[in-house]
Each structure stands twice: as C-alpha cells, then as structure tokens.
Amino acid sequence: MSRWFSFTASRDWFFRNSFANAGLRAVSTDFGDGTVMNCWVPRTYKPSKPNLLLVHGFGANAMWQYGEHLRHFTPGFNVYVPDLLFFGHSYTTRRERSESFQAQCVMRLMETHGIVRMNLVGISYGGFVGYSMASQFPEAIEKLVLCCAGVCLEEKDMEDGLFKVANLDEAANILLPQTPEKLRELMRLSFVKPTRGLPSCFLWDFIDVMCTEFVEEKRELIRAILQNRKFSDLPKITQQSLIIWGEEDQVFPAELSYRLKSHLGDNAELVIIKNAGHAVNLEKSKQFIKHLKSFLVSSNPHLHL
C-alpha cells in the first residue's frame, strides 16, 4: 500500500501546509561546525509580540506534535518551532548527545534569528532541553512550560522499578519503534485510549517515513538522558514554570511531576490532567491549550489569545 500512497507522508504534507498557512516558513541554519538545524519561524516578525519557542519530544517531528496547537498561538506570539538534532531536518556530525548540548544549539539557533528573550514550551524530551536552556540561559527564558518531562528522574529509578521498561535498551526499542508491534506498544504506553485496529501496513508506513533516520544517534540521546543522572545534581531554575502531566503517564510516571514541583517550590504550578497519558498534548488537546493560554497570558494583560 505504501508503495502507491503514504498516509504518513500526506499527513506530513498537511502539517507543512498548516504551518505555512499560520504564517511560518521553514529555515535551515548551518552553524559551520557540522551542525545544521531546521526551524519554523515567523514569515513576518512583529516586535510588539512576545516570542514563543515550542520544543518537541521523541516521535515524528515538530510539526506532528504542535500541528494541532499552532493556530492558538500565532495571533499573539512570534512562534518558533525547531527540529531538535536528529529529528526532522536537523543533525550534527559532532559527538555530543546531552540535552545540555541540544539546549546550546537551540539557543544558538534563536540568536541567529535575533531572539534573545522567549517563553518556552517543552514536551517530554523537549522539556529536558527546555529545562537545560532555562538553567544555562536564565536571562533568555521568561516563562517555562514542562509537559510530561521527567527531568528530575535519576538512574536508580530504573533499577527501583519506577518505569514500565526494565532497561535503557528496552526503552529505546519502544521509543524508536522499528516494527508494528513496537509501535503499538509505544501507543499503549503513550495514550490511555490508543487507536486500535490499525492495519500493519499503516504502521509500517509510519515507521518507514518517520522512524528510520538517525536511529543510532537517537538511541544515544536516550542513553544520555539517564546515564549517571542524579536528582541531587539537577539545578533549581528560577523562572515561573507550569508543569503539565497526564495522570496515567506510563512513560514518565506522575510521581516525577510531584518530585519536580517540590524541587521548584513556589516558582512552579502543577496541573495533573485526568484520563490522559504521556501524549497529553494530543489526547487532551483542549485542556492542554487552556492551561497554556492561562499561564502564558497571566502576566501579560495586553495579550489576547
């Protein structure tokens, strides 16, 4: 089937057009050190608007994770949506794999576009990158939203049985599915009510289009998240933050949201969304948007979304 028609490619085309219709254009930036980053940027920058950076997690690409939300924010913000390294059209020949390095690259990218102050929304792995940006560049990040981002986990959590998977290799096999069975497992872990009955040909099509590039590099990103990680080493950021979590998240259990709220104290607000899993941004899109709007607008009375 995918030889003649690719549902995944057509869906990607749809998102690409919706981003263009929302006033964004895709720009590729070569840092000159073996690193190239793609980013959707405003076709027309408006200095009167605040800036909003949307950072994706593991999955297809940035368009798929923010395609349903973009139209809610382009009227009030200059919106930037990058592909992190080894996703979409971004890559590097350098050996660094930490979220700290990803954060530095995203900051370089934003500075290339003349942006030095921004609000940031990070989903899952994007929250790891966003948290690192807030820590490394506190003057650049105004407000921070972390969605199902287990930044306060530590390596021993895996040994203590906090996660559904037994080890990093098993986690990587699910997060980077190479067979329909693994993709179905990822959907079961990500959604409270995953779509059922999808033919294997559709799943193979998604894997062929979205899951076959930079597989080993992405495995290295996953390893870098957890190896030698200690909660006691996590810096405490000072930005006003919103933590959003699906109550039934099976990738990063909700226990981690309470740990993060305790770590950040009064600077953070925690919202737990019921009947939602790890993909809460997609599964409960309306609630996700409602909380984002409330948080981002709260200290900016002149902003209307």
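Student: Leaving aside neighbours within four places in sequence, which residues is Asp157 in contact with?
Tutor: This is a predicted model, to be clear. Beyond those sequence neighbours, Asp157 contacts Leu162, Phe163, Leu256 and Arg259.
Student: Where is Asp157 found?
Tutor: In helix H5, which covers residues 155-159.
Student: Buried or exposed, that Asp157?
Tutor: Asp157 has a relative accessible area of 4%. The cut-off for buried is under 20%, so Asp157 counts as buried.
Student: And what separates the C-alpha atoms of Asp157 and Lys230?
Tutor: A distance of 9.7 Å. Along the chain, Asp157 and Lys230 are 73 residues apart.
Student: New topic: strand S7. How many of its seven residues are buried?
Tutor: Six. S7 spans residues 141-147 and is mostly covered.
Student: How many bridges join S6 to S7, and do they run parallel or antiparallel?
Tutor: Five bridges, and the two strands run parallel. S6 is residues 118-123. Val121 sits opposite Val145 of S7.
Student: What do S6, helix H4 and S7 make?
Tutor: A right-handed β-α-β unit. H4 takes in residues 125-136.
Student: How many bridges pair S7 with S8?
Tutor: Five, again in the parallel sense. S8 covers residues 240-246.
Student: Which residue in S8 stands opposite Lys143?
Tutor: Gln240.
Student: And which way do side chains point in a regular strand?
Tutor: They alternate between the two faces of the sheet.

How values were computed. Residues are numbered from 1 along each chain as its sequence is written. This is a predicted model: local features need pLDDT of at least 70, side-chain atom pairs count only at pLDDT 80 or more; totals for chains, interfaces and linings use all residues. Side-chain values use heavy atoms; hydrogens and water are left out. Buried means under 20% relative accessible area, exposed over 50%, partly exposed in between (1.4 Å probe, protein chains only). Helices (H or I, at least four residues) and strands (E, at least two) are DSSP runs, numbered from the N terminus. Two strands pair if DSSP finds at least two bridges between them. A crossover is right-handed if, with the strands pointing away from the viewer, the path from the first strand over the helix to the second runs clockwise. Contact means heavy atoms within 4.5 Å.
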